[in-house]
There are 2 protein chains.
Amino acid sequence: MTIRDIANAVGVTPTTVSNVINGNYKKVSQKTIDKVQKVIKETGYIPNKNARALVKNSSKIIGVIFPKTIEGFMQNPFHSQILTGIEKVISAKEYYLMIKSIDTYEDMYQLMQNWSVDGFVILSLIGYQLPKLEKFKDVPVVFIDTYYEELKYINIGSEDYEGEYNAADYLLEMGHESIGFISYHIDYPSVISMRLNGFKDALKNKGIPFNHSNDVLEIEEINFDDAECSNRILDFVKNKTGICVSADILAIEIMEVLKDNGYSIPDDISIIGFDNVYLSKLVNPKLTTINQDIIEKGNIAAEKLINMIEKKNNKEPNIKIPTNLVIRDSVKKINQ
Amino acid sequence: MTIRDIANAVGVTPTTVSNVINGNYKKVSQKTIDKVQKVIKETGYIPNKNARALVKNSSKIIGVIFPKTIEGFMQNPFHSQILTGIEKVISAKEYYLMIKSIDTYEDMYQLMQNWSVDGFVILSLIGYQLPKLEKFKDVPVVFIDTYYEELKYINIGSEDYEGEYNAADYLLEMGHESIGFISYHIDYPSVISMRLNGFKDALKNKGIPFNHSNDVLEIEEINFDDAECSNRILDFVKNKTGICVSADILAIEIMEVLKDNGYSIPDDISIIGFDNVYLSKLVNPKLTTINQDIIEKGNIAAEKLINMIEKKNNKEPNIKIPTNLVIRDSVKKINQ
DNA sequence: CTGAAAGCGCTTACAG
DNA sequence: CTGAAAGCGCTTACAG
């Protein structure tokens, strides 16, 4: 069933049918509009989007790009919450959602040109991976959690520095004097490196010395069956009373390792996370953490992108989602 | 940049370029193939997929359909694990992934016809929602976790009946004699109703009476701040020593409610879940549950669908992923 | 207000 | 082995 079939059934031309479908009502008489809409309704005709995209060079498709991760695409609860936020807005605004997890930007160009994708949301990609950005010139892009000095595109981030500053400061205020920072591999600049900066400055402002090799532990992946992995953590923790972990998921796994090795939390060691994922209030002890509204982050990213697409507006400002401390049960007050 | 530009640059016609792009090598001399590929490489030309989809009436897009849920699209860890499995296969086979969460099937038809989607994976939809299936005749569809007698399409499910039978039987074997079943709203037939059947038959085979209104509790949604919700759970649990919960996520929330109300698990009450989501080994106590390989389920769904698309094969058999009991810390042995 | 015609960028018989 | 031509289903100036 094509636009021509409808035209024949009504007794008009495809031009006229196209005009009513596209709401160009000034060009068509009310009588014709009614007839055409009636037939469309009766037949259940749906226009072919490929044909339309071909001629308009625009598809109403929004591409969402995730980094390929070890544990797999959506296994990261942070990613799935972001996607929840994005999907909600995209579907409300009647766009389509195409998803791809990529290793390199080449894969993304393909997607872009292939389908005349109208815009992209790009998640958590490391700055130095960014290619010459000129290639994007024509397609609106919104980044999420990407730090990159030369980034010419809007980024939706969080108060990473401020949040981790507050996390460390809270530990300090609770009487901890020897605290450490644990994270996944640290790229520079990145969400994690900004959080580390916040951690360092909190120490500095309280006059506590910082020594990277003693106070920072990078972990690729927690493997519960790997003694070496556990040992690195146990070793790191030995002379400390509190730990800032750069992400809740990692914090929760570290708590598991510690508990499995006889540590009691927070009595033996205090832990504070970051993100406030859904999980963090379900674990034991409930995780004290830094909250950010992840779904809202997805919402904003999608809204800004659609703004850029529809208003041809490329000067949307960067946005930082606020963070705040959520006190639960994983940090203990130390008597000084 | 179009196929015509490439043709001009090489000094051939679009027909020839199209043939080398599509691998019709018998129709082109090696010399020409080389020249065309060289220019394509140099220019970074990527064919327009919309044009191709328009003429071939096929897009290499696979649509994945999720039910709209209260908590939001990807907030359900079960859904995100399925998607992880699907995405892996789809991207390995060089298909594209379009995602939509829907309320009704109408939305799905749109997607299908709009983009000439090659096939669908449809998740967790309730049988009675299914429309007259003839509409699908032309498009391969794979269902996941859909029970429907007249389902003419392949379904990838799990051993829901067997799994819950084993869960209940395990509780019984551990000496529990008064046990209940808690789930979200029960549709018939559905994953949950099949699990309930397994629960009932386990009781029956041990000669224990079953009374629906006393032994089954349906909950729409856990609201931690709603006293009425907590009270229903506390009430239900009062005269029981063990509970089978139809899904880990729900089991974990119920444990929270019980713990908040002074229950100690498993000492005061034993809980067993279903699904073995990632979370279940991170909560306290670690949840005893029925394992199913959710990612594998996604993999299989995508593989079967692509088989159907490429082999024009509609006779793929239904598949049931096996389940098995995973004993952790949320069930206590009772002395009789 | 309506229609004829060209064109979006491909693919595919068909002729040579 | 190569090319001319038609067509996929739309939209969009343009003429009337």
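## Strands and loops

Strands are DSSP runs of at least two residues, numbered from the N terminus. That numbering gives names such as β9 and β10, and the loop between these two strands of chain A holds A:Asp275. This is a predicted model.

## Chain A as a whole

Chain A contains 12 helices and 12 strands. Its C-alpha atoms fill a box of roughly 90 × 40 × 35 Å along the principal axes. The radius of gyration is 26 Å, whereas a compact globule of 336 residues would have one near 20 Å.

Of the 336 residues in chain A, 55% are buried. The accessible surface is about 15,000 Å², and carbon and sulfur atoms account for 47% of that area. Now take contacts between residues at least 6 apart in sequence: 67% of them join residues at least 24 apart.

## The start of the chain

UniProt, in an unreviewed entry, places the feature "domain: HTH cro/C1-type" at residues 1-46 of chain A. Over residues 1-46 the model is 65% helix and 0% strand.

## The loop between β9 and β10

Most residues other than glycine have a negative phi, and most peptide bonds are trans. This loop of chain A holds exceptions on both counts. A:Asp275 is not a glycine, yet its phi is positive, at about 125°. A:Asn276 lies in the loop between β9 and β10 too. Its phi is near 55°, again a positive value in a residue other than glycine.

A:Pro285 is found in the loop between β9 (270-272) and β10 (289-291). The peptide bond from A:Asn284 to A:Pro285 is cis, with omega near -5°. Chain B has a cis bond as well: it joins B:Tyr188 and B:Pro189, with omega about -10°. B:Pro189 sits in the loop between β6 (179-183) and α8 (191-205) of chain B.

Is A:Asp275 buried or exposed? A:Asp275 counts as buried because its relative accessibility is 4%. The cut-off for buried is under 20%.

A:Ala247 touches A:Asp275 and A:Phe274, leaving aside residues up to four places away in sequence. A:Ala247 is placed in the loop between β8 (242-245) and α11 (248-260) of chain A. At 9% relative accessibility, A:Ala247 also counts as buried. A:Ala247 and A:Ile272 are 25 residues apart in sequence, with their C-alpha atoms 9.0 Å apart in space.

Conventions: Residues numbered from 1 in each chain as written. Chains lettered and ligands numbered in written order. Predicted model: local features only at pLDDT ≥ 70, side-chain atom pairs only at ≥ 80, totals over all residues. Heavy atoms only, no water. Helix = DSSP H or I, 4+ residues; strand = E, 2+ residues; numbered from the N terminus. Rg over C-alpha atoms; globule rule 2.2 N^0.38 Å. Buried < 20%, exposed > 50% of the residue type's maximum accessible area, 1.4 Å probe, protein only. Contact = heavy atoms within 4.5 Å. Areas by Shrake-Rupley, 256 points an atom, 1.4 Å probe, with all protein chains shown as cover. UniProt positions renumbered as here; feature names shortened; annotations may be inferred.
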